[in-house]
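Here is a short report on one protein chain. Look at the sequence and the 3D view before reading on.

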Amino acid sequence: MSTAIGLATANGFVLARRDGDAWRVVRRTLQDREITSLIAREGVILIGTRDGVLRSDDEGVTWRDASAGLNTRYVRWLAYHPQISDLEFAGTEPAGIFVSHDGASSWRACPEVAHLRDEHEWFLPYSDGAGCVRGFAFHGKRAYAAVEVGGALRSDDGGETWRLVEGSDGNPDLEGPAEPLIYPDVHSIHVHPSSADVVFAPTGGGFYRSEDGGRTWTLLYDCYVRALWLDANDPQHLILGPADGVDRNGRIEETRDGGATWHIASGGLRVPWKQHMVERFVPIGDDLFALLSNGELLHAPMATLTWRAILSEVSRINALAPLEP
C-alpha cells in the first residue's frame, strides 16, 4: 500500500512516499524557506511560513502566494474545517486568527482576537511576539483555538468570531490559576467527535479536560505537554507526549481510563529523551506519526504502538499532513 505525506521543514517542503515498509523522499522544493505549518485537502496544499501562505495544486512542484488579506505574516499553524470544504484558518504570531473561504485566495482577520491579545498583554517566553495561535479544533459550528501564552478560545459560529472560553481568564501569568480554570500556556487543543463539549488541552502547566465546552477544566496530568492523540471511538483512550519540563525527559504514554492511570507506550524507543519531547501526533489511517521537538519523525502502527524513526534524511520537520493519492 502506498501512502504519500507532505512535510513542512525548516528547509522547505518535502514530499515522501511509503511503499510497503520503506519510506523515500520523492521531491524537495522551497529549500530556501522555513515552512512552519501545512495542510492538504482536495488536491490543494497550503503551507505557512514566516512571511505568509503559499499554495500548490500539483503536489508541491510549483507554488504561488496565497496571502491576500493576511496582514500578520508569521503563520504558526494552519487548519481546515473537517466538515466544510474551502474553510481554512491561520493562527499567527503575534496571536491572531485569519479565516479563508476560498482556498486561501483571500483572508479575513478576526479583530476580536487581536483585541484580547492587546487587552491581556499576551506574550511568548522565547520571542518578542505577543503570543501566538498554535492549534485549532472543530466540531460542527463549534471551534476552539489554543493560544500560547494566553489561554483557550471558542467560537460558536464555525470560526467566524472568537471569545475566551469561560474557564480561561486570558491572563498570561505563568504561575497559572487553580482549577477549574485552565493554565494559560496552551500548546494545542482537541475536541472529541462524540461531543462538542468534550475538550482536551495540553499546556505548559499540565494536561486538561473539559466536559462543558471549556467552562470548567480538570487537570488530568501534572506535566509539561504539547502533543495528544484522541481515540475517535473512545474518549477515555488517549495517547500523550508528556515531559518534565521544556524538552526535558520526554516520553509517550497512554491511558484507557480517561487519565486516571497512565502507562508507557514507547515500544521500540529508549525513553525518556533527555533533551526533546513529542511536539505533535498525526494519525493517518491505521498509523500514528510523532513529530519530535528536535525535528525527527517517528512512526508506529496503532495496533502495536511499536515506534521507529523514519525519513532520517529529512531534518527539522515542523508539521506533516497526508496527501491524497
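## Salt bridges and a helix

Arg 142 is buried, because its relative accessibility is 14% and the cut-off for buried is under 20%. Keep in mind that this is a predicted model.

Which residue pairs with Arg 142 in a salt bridge? The partner is Asp 156, and the closest N and O atoms are 3.0 Å apart. This pair links distant parts of the chain. Asp 156 lies in the loop between β14 and β15, while Arg 142 sits in strand β13 (residues 142-148). They are 14 residues apart. Asp 156 is partly exposed, with a relative accessible area of 38%.

Why can such side chains pair? Side chains of opposite charge can do so when their charged atoms come close.

The model has 23 salt bridges by the rule used here. Three of them are set out below.

| Salt bridge | N to O distance |
|---|---|
| Arg 50 and Glu 34 | 2.9 Å |
| Asp 156 and Arg 142 | 3.0 Å |
| Glu 166 and Arg 163 | 3.5 Å |

Take the Arg 50 and Glu 34 salt bridge. It also links distant parts of the chain, with the two residues 16 apart. Arg 50 is in the loop between β5 (44-49) and β6 (52-56). Glu 34 is in the loop between β3 (22-29) and β4 (35-41). Arg 50 is partly exposed at 48% relative accessibility. Glu 34 is partly exposed too, at 30%.

Now take Glu 166 and Arg 163, which also meet in a salt bridge. Glu 166 has a relative accessible area of 40%, so it counts as partly exposed. Arg 163 is partly exposed at 31%.

Salt bridges also join into a network. Its members are Arg 142, Arg 154, Asp 156, Arg 163, Glu 166 and Asp 197.

Next comes helix α1, residues 111-120. Which of its residues are buried? They are Val 113, Leu 116 and Arg 117. These residues lie on the same side of α1, because they cover an arc of only 100 degrees around the axis. An α-helix has 3.6 residues a turn, so residues three or four places apart point the same way.

What covers the buried residues of α1? The cover includes β10 (96-100), β14 (151-155) and β15 (163-164). The face turned away from the buried side carries exposed residues: Pro 111, His 115 and Asp 118. Just after α1, Glu 121 takes a positive phi of about 55 degrees.

Definitions and conventions:
Residues numbered from 1 in each chain as written. Predicted model: local features only at pLDDT ≥ 70, side-chain atom pairs only at ≥ 80, totals over all residues. Heavy atoms only, no water. Buried < 20%, exposed > 50% of the residue type's maximum accessible area, 1.4 Å probe, protein only. Helix = DSSP H or I, 4+ residues; strand = E, 2+ residues; numbered from the N terminus. Arc of directions from axis to C-beta. Contact = heavy atoms within 4.5 Å. Salt bridge = Lys/Arg side-chain N within 4 Å of Asp/Glu carboxyl O.
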